[in-house]
Amino acid sequence: MNEQKAVLVAGMPLVGVVMGSSSDWDVMQHAVAILTEFGVPHEAQVISAHRMPDQMFEYAATAKARGLRAIIAGAGGAAHLPGMLAAKTIVPVLGVPVPSKYLRGEDSLLSIVQMPKGIPVATYAIGEAGAANAALSAIAMLAMTDDALAAKLLAFRDKQTQIALDMKLPA
Ligand code: RP5
């Protein structure tokens with residue numbers, strides 16, 4: 001617990017956000033925005049499974065030792081990035097299907113969600129909602145051992161409840 005707090009104070013990344021291309025940023029920025037809002041130390045970068053496989057392996061192989069507690073990985077099309085990262089680390093991988101040009105992200109979704117038994121990738125909704133929710137899941141995981149973060153997450157939920165309670169339909 002003390003060690004974890006020291007890491008938080010030091011600002012070393014607890015969550016890694018990676019994506020297959022800078023073109024995924026429009027979607028993946030929503031994960032980064034949530035992590036920033038909650039004050040969770042994180043890092044974000046492009047790691048392409050098929051264009052930079054050596055760097056991808058290195059990222060996954062060193063993730064745990066670097067202190068990462070979750071990796072949010074977004075990719076589009078034949079979206080093998082989350083699965084390949086998961087193959088090389090036991091740090092939980094949260095996969096975000098990025099909308100693709102021709103199949104609107106259904107290809108990305110199926111590529112990420114249909115992991116063979118034994119190597120899990122937690123898979124989220126296609127696009128912005130998936131990116132934001134992956135970040136919220138990472139925060140929920142960290143909040144299990146961080147009371148201050150848990151309080152922030154509960155306040156975030158309360159705010160959404162209030163917004164729904166305040167909703168009015170047209171007369
Ligand atoms: C995937 O190919 C990326 O995740 C991206 O969604 C898709 C297209 O990449 P770019 O051609 O835009 O670089 O690797």
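**Figure 1. Contacts and setting of Ser 21.** Apart from neighbours up to four places away in sequence, Ser 21 contacts Val 46 and Ser 48 (two residues are in contact if their C-beta atoms, placed from the backbone, lie within 7 Å). The model is predicted: local features need pLDDT of at least 70 and side-chain atom pairs count only at pLDDT 80 or more, while totals for chains, interfaces and linings use all residues. Residues are numbered from 1 along each chain as its sequence is written. Ser 21 sits in the loop between strand S1 (15–19) and helix H2 (25–37); helices (H or I, at least four residues) and strands (E, at least two) are DSSP runs, numbered from the N terminus. Ser 21 is partly exposed because 17 other C-beta atoms lie within 10 Å (buried means 20 or more other C-beta atoms within 10 Å of a residue's own, exposed 12 or fewer, and partly exposed in between, with C-beta atoms placed from the backbone).

**Figure 2. The ligand shell.** Met 19, Gly 20, Ser 21, Ser 23, Asp 24, Ser 48, Ala 75, Gly 76, Gly 77 and Val 98 surround the ligand, each with its C-beta atom, placed from the backbone, within 6 Å of it. The shell has 3 nonpolar, 6 polar and 1 charged residues (Ala, Val, Leu, Ile, Met, Phe, Trp, Tyr, Cys and Pro count as nonpolar, Asp, Glu, Lys and Arg as charged, and the others, Gly among them, as polar). An unreviewed UniProt entry places the feature "binding site" at Ser 21, Asp 24 and Arg 51; such positions are given in the numbering used here, feature names are shortened, and annotations may be inferred rather than shown by experiment.

**Figure 3. Asp 24 in the loop between S1 and H2.** Asp 24 lies in this loop and is buried, because 24 other C-beta atoms lie within 10 Å. Leaving out residues up to four places away in sequence, Asp 24 touches Met 19, Gly 74, Ala 75, Gly 76 and Val 98.

**Figure 4. The buried face of helix H5.** Ser 108, Leu 109, Ser 111 and Ile 112 are buried in H5 (residues 106–113). Down the helix axis, the buried residues of H5 fall within an arc of 170°, so they line one face; the arc is that of the directions from the axis to the C-beta atoms. These buried residues pack against strand S3 (70–76), helix H4 (81–88), strand S4 (93–98) and strand S5 (122–123).

**Figure 5. Ala 131 in helix H6.** Ala 131 belongs to H6 (residues 128–143) and counts as buried, because 30 C-beta neighbours lie inside 10 Å. Not counting residues up to four places away in sequence, Ala 131 touches Val 27, Met 28, His 30, Ala 31, Gly 74 and Val 96.
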